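This report concerns the salt bridges of one protein model. Please have the sequence and the coordinates at hand.

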Amino acid sequence: MKPPVKPPLTSSGTAAAKPVAKRPGFPVRLEIDAGTPSATKKIAHRAHPERATGIFDQKMPAKAALPSGVGLDSRAVRARMVHKLAAQGISDAQVLAAMGHVERHRFVDTALVNQAYEDTSLPIGLGQTISKPNVVARMLELLRQGAGSPAGKLGRVLEIGTGCGYQAAVLGELATEVYSIERLRGLHDKARENLRAFRLANVHLLFGDGMVGYAKGAPYAAIIAAAGGEAIPTAWVEQLAVGGRLVAPMHIAGGAGGGQALVLLDKTAQGVTQTVLEAVHFVPLKSGTS
Ligand code: SAH
């Protein structure tokens with residue numbers, strides 16, 4: 001069992017306070033307004049060629065849809081984010097490719113679009129945040145390592161804390177089926193809207209209390225939580241398949257700063273092993289719905 005270590009791998013970030021001039025040359029304005037149905041249609045047109053052809057495919061038509069004279073398009077900024085993730089130690093090619101595909105800027109408010117590819121968490125409403133890319137990539141890489149077959153896709157995955165739906169979309173590329181639960185109706189609806197354009201038939205959004213998991217989809221090859229509690233709910237452990245892995249933030253008594261750390265649970269025929277990793281900072285896991 002490794003002792004918790006200090007960040008950099010926390011889901012909170014201070015990058016939002018950086019002066020605008022220091023940000024990468026991401027377009028100041030993108031031709032989207034995630035809140036309108038017509039914009040959703042535009043997203044649908046552009047999301048698919050990119051998913052099909054890969055992040056570094058120069059033939060993608062996205063550039064034409066962006067305002068002229070703004071320099072880089074979102075694909076280039078996303079590729080830069082992916083290079084940065086790799087430099088930070090994320091080595092799983094499938095995770096990097098999925099992070100390169102999914103347009104993170106589609107999941108944040110228009111006012112935050114030019115921070116979408118910075119390594120920072122961002123507010124998504126109702127006091128919740130989208131985790132920083134590094135933390136998303138790290139957790140997904142850990143899940144895939146647990147599966148023991150990095151060449152293939154994960155099987156059924158349970159995500160607790162849909163939030164804006166970003167991580168669910170990335171998971172949709174890495175797993176055969178994704179069941180994602182959110183306890184706040186407003187965010188569940190927002191995620192549904194955000195994901196509609198991506199048409200990910202294997203991503204199932206559920207409104208409910210994720211503390212009890214989702215028994216109908218069990219057993220899960222992997223379980224991932226984006227909110228941290230005092231303990232890992234027993235329902236999650238029960239719903240994890242033998243051979244499966246769970247990754248979640250959890251409060252660690254006496255841990256670094258007395259806060260949360262990432263916890264891995266590996267379920268084998270012999271039992272469950274727990275590994276405590278680095279310190280993180282996620283929103284609290286709460287029971288009930290609202
Ligand atoms: N993965 C998300 C991150 C969302 S933040 C994204 O990509 O945007 C974590 C989310 O967990 C919040 O939206 C919060 O409402 C939700 N949450 C907290 N406790 C929960 C519970 N018991 N069941 C389901 N969702 C929960």
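## Overview

The model is predicted. In total, 6 salt bridges are counted. Among them are Arg144 with Asp92, Lys190 with Asp109, and Glu278 with Arg138.

## Arg144 and Asp92

In the salt bridge between Arg144 and Asp92, the closest N and O atoms are 2.7 Å apart. Arg144 belongs to helix α5 (residues 133-147), whereas Asp92 sits in the loop between α3 (74-87) and α4 (93-101), so the pair ties together parts that are 52 residues apart in sequence. Both residues, Arg144 and Asp92, are buried.

## Lys190 and Asp109

Lys190 pairs with Asp109 in a salt bridge whose closest N and O atoms are 3.7 Å apart. Distant parts of the chain are linked here: Lys190 is in helix α7 (residues 185-196) and Asp109 in the loop between α4 and β1 (122-125), 81 residues apart.

## Glu278 and Arg138

A salt bridge joins Glu278 to Arg138, with 2.7 Å between the closest N and O atoms. This pair links distant parts of the chain, 140 residues apart: Glu278 is in strand β10 (residues 271-280) and Arg138 in helix α5. Glu278 and Arg138 are buried.

Conventions
Residues are numbered from 1 along each chain as its sequence is written. This is a predicted model: local features need pLDDT of at least 70, side-chain atom pairs count only at pLDDT 80 or more; totals for chains, interfaces and linings use all residues. Side-chain values use heavy atoms; hydrogens and water are left out. A salt bridge is a side-chain nitrogen of Lys or Arg within 4 Å of a carboxyl oxygen of Asp or Glu. Helices (H or I, at least four residues) and strands (E, at least two) are DSSP runs, numbered from the N terminus. Buried means under 20% relative accessible area, exposed over 50%, partly exposed in between (1.4 Å probe, protein chains only).
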